[in-house]
Amino acid sequence: MTAPADHLRTRSDGGRAVEYPPAPEPLAVAVYDNHTHLEIADGAMPLTPHEHLERAASVGVAGAVQVGTDVATSRWSAEMAAREPRLLAAVALHPNEAPELDARGELDAAIDVIDELAAQPRVRAVGETGLDFYRTGDEGRDAQFRSFEAHLDIAKRHGIALQIHDRDAHDEVVATLRRAGAPDTTIFHCFSGDAELARLAADAGWYCSFAGNVTFKNAENLRAALRVLPRELLLVETDAPYLTPVPLRGRPNAPYLVPHTMRFLADTLDADLDELCAQVAENTVRAYGSWDDGLAADAAGSA
């Protein structure tokens, strides 16, 4: 399916012929969505990246990290962040991409492109990279490990954060981080572990980012992890257009829906919402740097 203008692609299931939800009550203290995919069109009337960011700003979501999963989306993410003050970029090859690239003899060349993109000033993370044993069988694991370790090296050499995709591979991800050496700023995107993994991450100083799935009825493991995680290591994300929070499941997700997840996090932690938002915003800027730095001259002039 051809993606609409302003997008690279549609959802792999063709998108959903449903409307975006109404805007939530704005947050009084602004936060950031630290993992989103604005290149993917979704819903009956897909929003452009600009429309996403306008809606987000109107409800107290000051900016987002736009995340690549292959060469094309990583280039797109870097280009968007270079001219859009409300976006930073993360670039990488998704772990499920690595076996396919390796089978075609293209993995090393693709990693080289990610390395080049990571040098750009508005690219603040290498991600999403990691290990995914849910979709990839034993035959693809060697390529995933090779790609993951190469991404670790890129993040460390460029001095930027690492965003980890970890699905059904907790032990192997942690072992790889310990063996190869984790970057100074390491983030478990869409944290999917339990309290034990959260404690391990906390001991290592790794951030854990929670998405809308923390609101799902069957996600008590995520809520248990949230309760033991030090708040200075807490981040929030959408992973949009996926993982729309309760009570909006089945409708497209977007950065402007972060307030639903933030309010759920505050309720779960019995925390003051404004104080928690301030902490999460501080954590996010500490992890990625300022959204005001590194803009192209024409973008900075129009901000």
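Which residue in β5 is the bridge partner of glutamine 66? I looked it up and found alanine 89.

**Basis.** I am working on a predicted model, in which local features need pLDDT of at least 70 and side-chain atom pairs count only at pLDDT 80 or more, while totals for chains, interfaces and linings use all residues. Residues are numbered from 1 along each chain as its sequence is written, and side-chain values use heavy atoms, with hydrogens and water left out.

**Sheet.** I traced an open sheet of eight strands in the order β2-β4-β5-β6-β7-β8-β9-β10, with parallel pairing. Strands here are DSSP runs of E, at least two residues, and helices are runs of H or I, at least four, numbered from the N terminus. Two strands pair if DSSP finds at least two bridges between them. At the edges I noted β2 (31–36) and β10 (234–236), each pairing on one side only.

**β4 and β5.** I found four bridges between β4 (residues 61–67) and β5 (residues 87–91), which run parallel.

**β8 to β9.** Two bridges join β8 (residues 186–188) to β9 in parallel, and phenylalanine 188 stands opposite cysteine 208. I followed the chain from β8 through helix α7 (residues 195–204) to β9 and noted a right-handed crossover, that is, clockwise from the first strand over the helix to the second with the strands pointing away from the viewer.

**β9 faces.** I checked both sides of β9 (residues 207–210): Tyr207 and Ser209 on one, Cys208 and Phe210 on the other, are all buried (under 20% relative accessible area, 1.4 Å probe, protein chains only).

**β9 to β10.** I found three bridges in the parallel sense, with valine 236 as the partner of phenylalanine 210. The crossover through helix α8 (residues 220–228) is right-handed.

Definitions and conventions: Buried < 20%, exposed > 50% of the residue type's maximum accessible area, 1.4 Å probe, protein only.
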